[in-house]
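Trainee: I want to check the labels on this model against their cut-offs. Can we go through them one by one?

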Amino acid sequence: MANNFQPKPEHKFTFGLWTVGSSGRDQFATNDPIRNSLSPADLVRLLGEVGAYGVNFHDNDLIPMDATPAEADKIKKEFRKALDETGLVVPMATTNLFSAAIFKDGAFTSNDPKVRAYALQKAMRGMDLGAEFGAKIYVFWGGREGSETDVAKSPLEGLKHFREALNFLGEYSNSQGYGYKFALEAKPNEPRGDIYLPTTGAMLGFIETLDHPEMVGVNPELAHEHMAGLNFMHAVAQAWDAGKLFHIDLNDQNYARFDQDWRFGQQSWKQSFFLVKFLEEVGYNGSRHFDAHAFRTEDYEGVKDFARGCMRSYLIFKEKARLFNEDKEIQALVAESKAEDKSMDKFLGKFSAEKAAELKAFSFDRNAIAGRGLKYEKLDQMLTDLMLGVR
Ligand code: DIG
Ligand code: MN
Ligand code: MN
């Protein structure tokens, strides 16, 4: 069956309003946007045109900070109309706790209790807005939660304040009956010199210190783990193993760069292939959210190319993973490298005193074991051939 890599609702591809709505402005061109801004309703229609399943938003992507109640109602009505027209859903919402100057030294972890209280208020209102449109995942990215110098800000205080905020907001969600699952998103730095809880692994440890860890998971982002020099699929696998992969931000990135938020599949083919292969093999059923922006060089036709490219690349990697798993020669080599060896079953698995005693007395031929070739070179080249279309 010819696979034309067309997105379908079952693929659960989503984009944030801030992604396809990015003006192309970057930190070096603060007053010179490349693309005029589109309304949330028009962005929903753009996403409907390219075949997305859903749209996510920060509170202020939808409702500007200083909108009057009448303006807010008008925007929400038009947004709702566009959702109805296109059939798009809103799986995730989040709060912008990083753009406004008041957050210059953090939101939940600010040294100023007024800022911490204001951030709680803003987050509650953001949760209200997300619930209004049916969001069930609430993301927390602490873009300003960190420091440039630790001279007057304690990471211990930061963790305590962040924990207090999440405990408070978890109780708020329960009190409102919103049924949110919180997804914590890690990033090592930018816009702060260092951001607290810099990696998905750090977030997983932190979640266990919360009052309601069962309602809190992670939202790993490819670019952010790459900024930390880490293997994204390994981070995602640990989150999955812990039952905490509540959401995922897909994009792309060169290693050792600032957060480039490039189109998914643009740069890191192999890492993206292994990531998609993992998600599909374990049966991840959440959104495939593309937290990325089109190049600054693009007009809105280019933005549509960007959005189509994110989804097309995902589907190509998914097809390549199917071919890899169905390739008899490859699978024979994979099985060989795993060296199914039932003779060790009596030693492995759960502890018993007998097992320990027998194992301690067992003698291994270390040289023979060490001398076995694992054929990873041949296997990896077969993957390269497959990815480059010569297999
Ligand atoms: C940046 O990677 C962050 C913000 O865009 C947003 O809060 C979160 C949700 O995707 N990702
Ligand atoms: Mn990012
Ligand atoms: Mn993100």
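Mentor: Start with ligand 1. Around it lie W18, H58, M92, T94, V139, W141, E185, E221, H224, D249, H289 and D291. Each counts as near, with a heavy atom within 4 Å of the ligand. The model is predicted: local features need pLDDT of at least 70, side-chain atom pairs count only at pLDDT 80 or more, and totals for chains, interfaces and linings use all residues. Residues are numbered from 1 along each chain as written, chains are lettered from A and ligands numbered from 1 in written order, and side-chain values use heavy atoms, without hydrogens and water.

Trainee: What makes the pair of E185 and ligand 1 a polar contact?

Mentor: A polar contact is a pair of N or O atoms within 3.5 Å; within protein, one must be able to donate a hydrogen and the other to accept it, and residues adjacent in sequence count only if both atoms are side-chain atoms. A polar side-chain atom of E185 sits 2.8 Å from an oxygen atom of ligand 1. For W18 the value is 3.3 Å, again to an oxygen atom of ligand 1. H224 also places a side-chain N or O atom 3.3 Å from an oxygen of the ligand. The protein buries 95% of the 300 Å² that ligand 1 exposes when taken alone (Shrake-Rupley method, 1.4 Å probe; for residues, only the protein chains shown count as cover).

Trainee: Which residues are the protein donors of the manganese ion (ligand 3)?

Mentor: E185 (OE), E221 (OE), D249 (OD) and D291 (OD), at 2.0 to 2.2 Å. Donors are N, O and S atoms within 2.8 Å of the metal (3.2 Å for Na, K and Ca); water is not among the atoms, so sites may look incomplete.

Trainee: Why is the site of the manganese ion (ligand 3) called octahedral?

Mentor: Six donors count as octahedral if opposite donors are over 155 degrees apart and all others between 65 and 115. The site of ligand 3 has six donor atoms, with angles of 75 to 175°, and is classed as octahedral.

Trainee: Which residues coordinate the manganese ion (ligand 2)?

Mentor: E221 (OE), H224 (NE2), D259 (OD) and D261 (OD), at 2.1 to 2.5 Å. E221 bridges ligand 2 and ligand 3, which lie 4.3 Å apart.

Trainee: How do you know whether E221 is buried or exposed?

Mentor: Buried means under 20% relative accessible area, exposed over 50%, partly exposed in between (1.4 Å probe, protein chains only). E221 has 0% relative accessibility, so E221 is buried. D259 has 13%, so D259 is buried too.

Technical notes:
Four donors count as tetrahedral if all angles lie between 85 and 135 degrees; four count as square planar and six as octahedral if opposite donors are over 155 degrees apart and all others between 65 and 115; anything else is irregular.
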